[in-house]
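Thanks for coming, everyone. I'll walk through one chain today, piece by piece. Please keep the picture in view while I talk.

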Amino acid sequence: MKRSIFYRLNRHNSNFKVAVKAIIFVMIACILLFCTTGYARNLTFLVTSDLHYNYEPGEVSNPAQITAMNNLPGKLYPEEIGGTVDTPSFVLVSGDMSDRGTYAGWFGPTGFLAQYGLNGTDGMLHYPVYEGQGNNDVLHDFIKNSIISRHGNIYYSFDADGVHVVCLDDYPTLEILNWLNSDLASMSDPCMPVVLFHHRPFTDSALDANRQYYMSIIGNYKILALFYGHLHDSSHTLYDDPYSDAVYDTFLTDTPTRHSSPNYFYVVHITDDTMTVVENNWSECDLYKDGKTDFLDFAVFAEQWMQIDCGPCGGADFTGDGNVDANDLKKLADKWLDSRIICRNIVTIPIE
Ligand SMILES: [Ca+2]
Ligand SMILES: [Ca+2]
């Protein structure tokens, strides 16, 4: 019996619908599979901030911190974590590279470019740098122009081992947020974990005008953390999105230029399952400040040995009780020759 044209069309439509449903099912399955199988991530990077080159307190501590960063690969992580530190893929610098944006702080013989360099081969540092402006850097245009020439703009993003890293300048303006909206929407995988860095904290009043827009954008993605600086200290806090139930891990990143010891930078390790942020006390027991703990530090310590009520005690009172005794010597022994990272805090963030 000959089929009518209407029958054939209906049959074809039916087959077409089945085929479309099958394709959609396979696409969704692929997306879910992609989200859940991960990338076999094994990414290590460092975070520092507020280097303030051309500001006297950093003249010794900035190169000492670089030495400490260069000496990290192969060191033992704290016992709670286990394992050793891999060679970092890069260093994030969340602003204020140059104190007051001075020319000498950027271009000078002991400035940022000479010591940190940019690509891991042109300064003292062994790793490439991803830098964003701080409120000091914006005072002159040459740092802005350098960032634009390297990264295409003062805000930019890149993918590293299945992690999307986003620089949002000093703080995200409306223009930057419009870009962020497009940038995150165009990620190759919408489930990719995202790390944000900008100079000012989420709570800074400069963000107030566009805060709701900012929160609405990042609320759609898997934001692992915000790293920021500006406040010259080191701490981990949770930021509650005032417009939703979202809560974000935020890390205030220390400056190496604070007068008081210790100083910290973050060692970040991201796998498929977790992001671990180690608050590395690199300057612990580094009395002769060169980023290492060795005989030179012991010589300074020995001069303070058994002092009582000695105030800062030349930095040798590691326990903070105003005396230099066996308890301080034990700390020095623990840090001796720097075989293990000495940290104050470890934050482990699950990647779901
Ligand atoms: Ca030392
Ligand atoms: Ca002590």
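Let's start with the parts list. This chain holds nine helices and 12 strands. What you see is a predicted model. There are 352 residues, and 37% of them count as buried. Now take the contacts in the chain with a separation of 6 or more. Residues 24 or more positions apart account for 67% of those.

Next, the sheets. Start with an open one of six strands. Read across it and the order is E3-E2-E1-E10-E11-E12. The pairing is mixed. Which strands sit at the edges? They are strand E3, residues 129-131, and strand E12, residues 343-350. Each of those two pairs on one side only. From one strand to the next, the twist averages 20 degrees.

Let's zoom in on E1. That strand covers 42-48. Is E1 mostly covered or mostly open? Mostly covered: five of its seven residues are buried. E1 pairs with E10 in the antiparallel sense, over six bridges. Find leucine 43, and you will see isoleucine 270 of E10 opposite. E1 also pairs with E2. Here the two strands run parallel, joined by three bridges. Leucine 46 faces valine 91 in E2. Threonine 48 stands opposite valine 93, again in E2. How does the chain get from E1 to E2? The path goes through H2, and this β-α-β crossover is right-handed.

Asparagine 54 sits in the loop between E1 and helix H2, residues 58-70. Its phi is near 80 degrees. That is a positive value in a residue other than glycine. Why point this out? Because most residues other than glycine have a negative phi. Is asparagine 54 buried or exposed? It counts as buried, because it has 22 C-beta neighbours inside 10 Å, and the cut-off for buried is 20 or more.

Arginine 100 also has a positive phi, of about 55 degrees, and is not a glycine. Look for arginine 100 in the loop between strand E2, residues 91-93, and helix H3, residues 103-107. Arginine 100 has 14 C-beta neighbours inside 10 Å, so it counts as partly exposed.

Now the core. The largest nonpolar core has 62 residues. Which of them touch the most other members? Val91 and Tyr266. Strand E10, residues 264-271, gives the most to this core, with six residues. Let's look around tyrosine 266, leaving aside its neighbours within four places in sequence. Its contacts include Leu46, Val47, Phe251 and Val278. There is also a second, separate core, of seven residues. Among them are Leu287, Phe301, Cys313 and Phe318. As a general point, nonpolar side chains tend to be buried together in soluble globular proteins.

On to the other open sheet. It has six strands, in the order E4-E5-E6-E7-E9-E8, with mixed pairing. The edges are strand E4, residues 156-160, and strand E8, residues 235-240. Each pairs on one side only. The twist here averages 25 degrees from one strand to the next. One pair to look at is E5, residues 163-167, with E6, residues 194-197. They pair in the parallel sense, over four bridges. Valine 166 stands opposite leucine 196 in E6.

Now a helix. H7 runs over residues 211-218, and Tyr214, Ile217 and Ile218 are buried in it. Those three cover an arc of only 85 degrees around the axis, so they lie on the same side of H7. Here is the general idea: an α-helix has 3.6 residues a turn, so residues three or four places apart point the same way. What do the buried residues of H7 pack against? Helix H6, residues 174-185, and strand E7, residues 223-228.

Last stop: proline 262. Proline 262 lies in the loop between strand E9, residues 247-252, and E10. There are 18 other C-beta atoms within 10 Å, so proline 262 is partly exposed. Now find cysteine 285, which is 23 residues away from proline 262 along the chain. Their C-alpha atoms are separated by 8.5 Å. Beyond its neighbours within four places in sequence, proline 262 is in contact with Asn281, Ser283 and Glu284.

That's my tour. Thank you.

Technical notes
Residues are numbered from 1 along each chain as its sequence is written. Chains are lettered from A and ligands numbered from 1 in the order in which they are written. This is a predicted model: local features need pLDDT of at least 70, side-chain atom pairs count only at pLDDT 80 or more; totals for chains, interfaces and linings use all residues. A residue is buried if 20 or more other C-beta atoms lie within 10 Å of its own, exposed if 12 or fewer, and partly exposed in between; C-beta atoms are placed from the backbone. The arc is that of the directions from the helix axis to the C-beta atoms. Two residues are in contact if their C-beta atoms, placed from the backbone, lie within 7 Å. Two strands pair if DSSP finds at least two bridges between them. Axes are lines fitted to C-alpha atoms, for helices over the stretch in contact, and angles run from 0 to 180 degrees between N-to-C directions. A nonpolar core is a set of buried Ala, Val, Leu, Ile, Met, Phe, Trp, Tyr and Cys residues joined through C-beta atoms within 7 Å. A crossover is right-handed if, with the strands pointing away from the viewer, the path from the first strand over the helix to the second runs clockwise.
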